Amino acid sequence: MSTTKICDETSVGIHMNSIIIPAYNEESRITAVLLHLSEEFPGQEIIVVCDGVDGTKDIVENLSIKNPNIQILNFKEKLGKGGAIIEGFRAANGEKIGFIDADESVNADEFKLMFDFDAEIDGVIASRRLKTSKILVKQPIKRRIASKCFNIFVRILFGLPFKDTQCGAKVFKREAILDIINDLETGGFEIDVEILWRLKNNGYIIIEYPITWKHSEGSKFNLNQSTSMLTSLLKMRFK
C-alpha cells in the first residue's frame with residue numbers, strides 16, 4: 001500500500017479530531033469499538049489500520065458504508081503497533097489526533113474527555129497510576145510487575161516523568177505530531193515511549209490523565225516481547 005503523507009495545517013476539509021485504531025486480527029472486537037467510538041465522536045475521522053489476516057478488514061469496510069467517517073488503511077505485511085500508529089498519523093487530518101487500543105480497556109466516553117485539554121497543553125495520555133485513576137479489572141500479577149519494572153527503566157533511560165507510558169489511549173495536537181512524524185522509527189509496543197520522548201525533547205507539554213481502566217483478555221502483547229521492546233529502545237536512545 002502506498003503511504004499517504006500527513007496533510008498540512010492549511011489543507012482543505014480538516015476534521016476537528018482524528019481517532020486511530022491499530023487493528024491486528026481484531027475481528028471479534030472491532031465492531032463494538034467502532035460503534036462506541038462513532039456514537040461518542042459523531043462526524044469525526046476514525047482511521048482503522050489493518051495489517052492482519054482475519055476478517056477485520058471486511059467488517060470495517062461494511063461498517064464504513066453506513067458511516068463514511070470510518071476509514072480503513074489495509075496492509076498485507078504486519079506493521080506492529082508502532083508501524084500502524086505511524087501510518088495512521090500520516091493519514092490523519094484532525095486538529096487533534098488520538099489513538100486507542102481496540103480492546104476497549106479505555107471506554108469511548110472516557111477517551112472523548114481526553115480531547116478537551118487546554119490550549120497551552122500539547123497532549124494528554126491516559127494513566128492507570130494516578131491517585132484518582134480507577135482500575136475496574138486488574139492485570140495479572142506478572143504483567144503488573146513487568147509494567148512497573150518497564151516504567152522504571154523508561155524513566156531512568158529517557159528522563160520521562162510519566163507514571164504510565166503504556167496505557168493504550170493518547171491524544172496530541174496536530175502540530176506536535178507534524179513536528180516528529182518523520183523521526184518516528186520504532187515498530188512495536190515501544191512506540192508510546194518514542195513518541196513521548198521525541199515530544200519532550202522538542203519542548204512540548206504532555207500531561208497524564210486519570211483514567212477508568214479495565215484489563216481485557218486477548219491482548220496482542222505478551223511478556224516475551226519485552227526483550228525486543230527494550231532492545232529497540234536502547235538502539236533508538238543511543239543511536
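**Stop one: a tryptophan and its helix**

Select W197: it is buried, with a relative accessible area of 11%. Here buried means under 20% relative accessible area, exposed means over 50%, and partly exposed is in between, using a 1.4 Å probe and protein chains only. A quick note before you go on: this is a predicted model, where local features need pLDDT of at least 70, side-chain atom pairs count only at pLDDT 80 or more, and totals for chains, interfaces and linings use all residues. Residues are numbered from 1 along each chain as its sequence is written, and side-chain values use heavy atoms, with hydrogens and water left out.

Now widen the selection to helix α7, residues 191-201. Helices (H or I, at least four residues) and strands (E, at least two) are DSSP runs, numbered from the N terminus. How many of the 11 residues in α7 are buried? Nine of them are, so to speak, tucked away: the helix is mostly covered. The buried ones are I191, D192, V193, E194, I195, L196, W197, R198 and L199. After α7 comes G203, which has a positive phi, near 85°.

**Stop two: where two helices cross**

Which residues meet here? From α3, pick K81, G82, I85, I86 and F89; from α7, pick I191, D192 and I195. Contact means heavy atoms within 4.5 Å. The residues of this contact divide into five nonpolar, one polar and two charged. (Ala, Val, Leu, Ile, Met, Phe, Trp, Tyr, Cys and Pro count as nonpolar, Asp, Glu, Lys and Arg as charged, and the others, Gly among them, as polar.)

**Stop three: aromatic pairs**

Rings of Phe, Tyr and Trp (its six-membered ring) pair if their centres lie within 6.5 Å; planes under 30 degrees apart count as stacked, over 60 as edge-to-face and the rest as tilted. By this rule there are six aromatic pairs. Show F41 and F115, an edge-to-face pair at 5.2 Å centre to centre, with 70° between the planes. F41 sits in the loop between α1 (30-40) and β2 (45-50), and F115 in the loop between α4 (108-113) and β5 (123-127), so this pair ties together parts that are 74 residues apart in sequence. F41 is buried at 4% relative accessibility, and F115 is buried at 3%.

Next, go back to W197, which forms an edge-to-face pair with F158: 5.3 Å centre to centre, 75° between the planes. F158 belongs to helix α5 (residues 141-158) and W197 to α7, 39 residues apart. F158 counts as buried too, at 3% relative accessibility.

Select N25, in the loop between β1 (17-23) and α1. N25 is not a glycine, yet its phi is positive, about 50°. Is N25 buried or partly exposed? N25 is partly exposed, with a relative accessible area of 23%.

Finish at E104, in the loop between β4 (96-100) and α4. E104 is another non-glycine residue with a positive phi, near 60°, but E104 counts as buried, at 15% relative accessibility.
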